[in-house]
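Trainee: I would like to learn how to read a model of this kind feature by feature. Could we go through it together?

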Amino acid sequence: MRNGRQLTMAKAISEAIAQEMERDERVFVMGEDVGVYGGIFGATQGLYERFGPERVMDTPISETAFIGAAIGAAAEGLRPIVELMFVDFFGVCMDQIYNHLAKNTYMSGGNMRLPVVLTTAIGGGYSDAAQHSQCLYSIFAHVPGLKVVIPSTAYDAKGLMISAIRDDNPVVYFFHKGLMGLGWMKYPETTITPVPEEPYTIPFGQADVKREGEDVTIVAVAMMVHRALEAAEQLEEEGISAEVLDLRTLVPLDRKAVLDSVRKTGRLLVVDEDYRSFGLTGEIAAIVAEEAPEVLKKPVKRLAVPDVPIPFSRPLENFVIPSVDAISGAARALVV
Amino acid sequence: MALTKDTVLWMYRTMWTIRLFEERMAEIYLEGKTPAFDIGSGPVPGEMHLSAGQEPVAVGVCAHLRKDDAVIGTHRAHHFAIAKGVDLKKMAAEIFGKVTGLGRGKGGHMHLFDVENKFSCSGIIGASLPPACGAALAYKKLGKDSVAVAFFGEGAANQGSFHESLNLAAIWRLPAVFICEDNAWAISVPKSKSTAVADNSVRAAGYGIPGVRIPENDVLAVYEAAGEAVARARRGEGPSLIEVETYRFFGHFQGDPEVYRPKDEVKKLREKDPIPRFAQQVLGRGLATAEELDAEKEAAARAVEEAIAFARESPYPDPQEALLHVFV
């Protein structure tokens, strides 16, 4: 299935959207700077030139209006993809999202279909400070009615985007800025992967073992998958075998994959670039606590942003976002 | 409104302080980012939105403000901060992420907070107007004659917060002044493709408040219009809206490829540079001499270099400081 062509995540996403726009004329794109600019993080590059302003629409900075409009357009049979540049910017339009996009299907007794894909950028690590560096996917995963997708590689990004567009439910699709393969921001090489030219789907709710191991399970998404992989290499040199599990989607969540891995290793480290409290790390820990506490050889360990906003200054930011060394250190402490 | 020599010299010096600060930041920003540009590298990492060319808006308005008046700016806020009297050294140190900065390095260039000088700003579009309403409400409740000024871009005029705030300020007759900086571009989207009317000041009519548009980035025209709006607010007669046509000399952020902008646009804008135009107006009206203006420019240059040296020499915060100040 995989061929040798390597793509960045940004190119994989825009290719997925282009192929679906070719296949289905109901698909269209709206958002800020998605047209001529091609998306600030390149997720819509080339689409404007190929499909024109009728199907790739730059919007005013009016998120309540254009995200609300996506709901209305979807209810009328179209399949909008809507980008809002940074997840940090969602504050102004959350009512349309968490009271309408997430609930109308349910409140209509399943009669209203809302095939909306909401895309946005997440993540820090490049000194963009408290209002441009957050992850916040847990907020969206908390509200019933939104599927939550977080790819970490180009291959996953394309397959998950095609699945998102074809899904008849609202999907919030988060791409990490530092994984997009941009020319102006550092990224781990492991995010660039072979990507088949033909369209393909990756089902939601299937976590992916990015690296197999025996001694400790590291669960992560997005950038933390890559840092966990790097940490696993460090650990291997010390004779510690770490398994890295990439959840890929939070809703639906692949609980079985978490349990299967922890049953094998007996040790769980959950790493997250989002805030620590009331989020992903607690949720994953709870799965094991509820379903299989007896398999744990040590208590679950969590690494996440320690409940502070993302600070601007580099030494402060590096201190709060889990580093490769922090991940390997936490994993090592579980094993030895 | 009579223009005193002191005000003229302050305006000229402040415009140069802004311009020279921004030009130095453009240079410093590239340190550690060449040959390969990485937004996270160098002494000043992260996004950098510079305000060169937009000096008339900040200076023409803030010339009327007192220390006890509040100013709330945007993601592109250096010019507002400088014009409001924020300490240049502390501001520069914040932009460098140093512990001597306004926010001990926690905020960065989009999040400058100076409680003493009543200045703040935000990285979120349209976020300045509601808190300006709140500051104005506080002044009214406390019986003060202070005013609150919200600056925002023309892109923000399509945010709900713009319309909600204008209405709120109007029905409560708040001492607020709303200043729209029309630099023609919301990142890559031109005003003509985002806004149903060419002139945002006409939207004031929808809220029953005065609205005026100042063309051509003219600092003296801004000064005059803002003088009326601030005085009106101070007298308790309610809010006003002013839109100023201004010029963005740099990209949306440093590193912006600006593929959306006509190649010669910035060159044409720079030919209409508002600072030399102001100097000509001053000299033509005999408001100051060329020697006096030159002395102000030199003072501005000294202040900028001192601030940057201070920022460079200051230490970074201890990493553990990241855990402080979520609450007080």
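Predicted model: local features only at pLDDT ≥ 70, side-chain atom pairs only at ≥ 80, totals over all residues.

Trainee: Let us begin with the overall division; which domains does the assignment give for chain A?

Mentor: The domain assignment of chain A gives domain 1, covering 6-194, and domain 2, covering 208-335, and the centres of these two domains, taken over C-alpha atoms, are separated by 26 Å. Their contact draws 29 residues from domain 1 of chain A and 22 residues from domain 2 of chain A. On the domain 1 side, helix H6 (137-142), strand S6 (147-149) and helix H7 (154-166) of chain A each supply at least two residues, and by class that side has 15 nonpolar, twelve polar and two charged residues.

Trainee: How many residues does each chain bring to the contact between chain A and chain B?

Mentor: As a general idea, the size of an interface is often given as the accessible area lost when the parts come together. Here we count residues instead: 33 come from chain A and 40 from chain B. Helix H11 (residues 314-320) of chain A gives the most to the side of chain A that touches chain B, with five residues, and this side is made up of 19 nonpolar, seven polar and seven charged residues.

Trainee: Turning to the sheets of chain A, what is the strand order in the open sheet of seven strands?

Mentor: The order is S3-S2-S4-S5-S7-S6-S12 (chain A), with mixed pairing. Strand S3 (56-58) and strand S12 (249-251) of chain A stand at the edges with a single partner strand each, so one side of each is left without a neighbour in the sheet. From one strand to the next the twist averages 20°. To see one pairing in detail, look at strand S2 (residues 27-31) of chain A, which runs parallel to S3(A) and is joined to it by three bridges, with A:Val56 in S3(A) as the bridge partner of A:Val29. Helix H3 (residues 63-75) of chain A lies across S2 and strand S4 (79-86) of chain A, at about 160° to S4(A).

Trainee: And which strands are at the edges of the open sheet of five strands in chain A?

Mentor: That sheet has the order S9-S11-S10-S13-S14 (chain A), again with mixed pairing, and its edge strands are strand S9 (208-211) and strand S14 (301-305) of chain A, each pairing on one side only. Strand S10 (residues 216-220) and strand S11 (residues 242-246) of chain A pair in the parallel sense over five bridges, and A:Ile218 stands opposite A:Val244 in S11(A). Helix H8 (residues 223-237) of chain A lies across S9, S10, S11 and strand S13 (268-275) of chain A, running at about 170° to S11(A).

Trainee: In chain B, why is strand S4 described as largely enclosed?

Mentor: Seven of the seven residues of S4(B), residues 176-182, are buried, so the strand is largely enclosed by the rest of the structure. B:Ala176, B:Phe178, B:Cys180 and B:Asp182 are buried on one side, and B:Val177, B:Ile179 and B:Glu181 on the other. Strand S3 (residues 148-153) of chain B runs parallel to S4(B) and is joined to it by six bridges, and these two strands make a right-handed β-α-β unit with helix H6 (residues 160-171) of chain B. Six bridges also join S4(B) to strand S8 (residues 240-245) of chain B, in parallel, where B:Val244 is the bridge partner of B:Glu181.

Trainee: Finally, which backbone details deserve a second look?

Mentor: Most residues other than glycine have a negative phi, and most peptide bonds are trans. In this model, a cis peptide bond joins A:Val251 and A:Pro252, with omega about -5°, and another joins B:Thr34 and B:Pro35, with omega about 0°. A:Leu136, which is not a glycine, has a positive phi of about 60° and is placed in the loop between strand S5 (117-122) and H6 of chain A. B:Ile187, likewise not a glycine, has a positive phi of about 50° and lies in the loop between strand S5 (185-186) and strand S6 (189-190) of chain B.

Notes
Residues numbered from 1 in each chain as written. Chains lettered and ligands numbered in written order. Contact = placed C-beta atoms within 7 Å. Helix = DSSP H or I, 4+ residues; strand = E, 2+ residues; numbered from the N terminus. Nonpolar A, V, L, I, M, F, W, Y, C, P; charged D, E, K, R; others polar. Buried ≥ 20, exposed ≤ 12 C-beta atoms within 10 Å, placed from the backbone. Pairing = 2+ DSSP bridges. Right-handed = clockwise from strand over helix to strand, strands pointing away. Domains from an automatic or database assignment. Axes fitted to C-alpha atoms, helices over the stretch in contact; angles between N-to-C directions.
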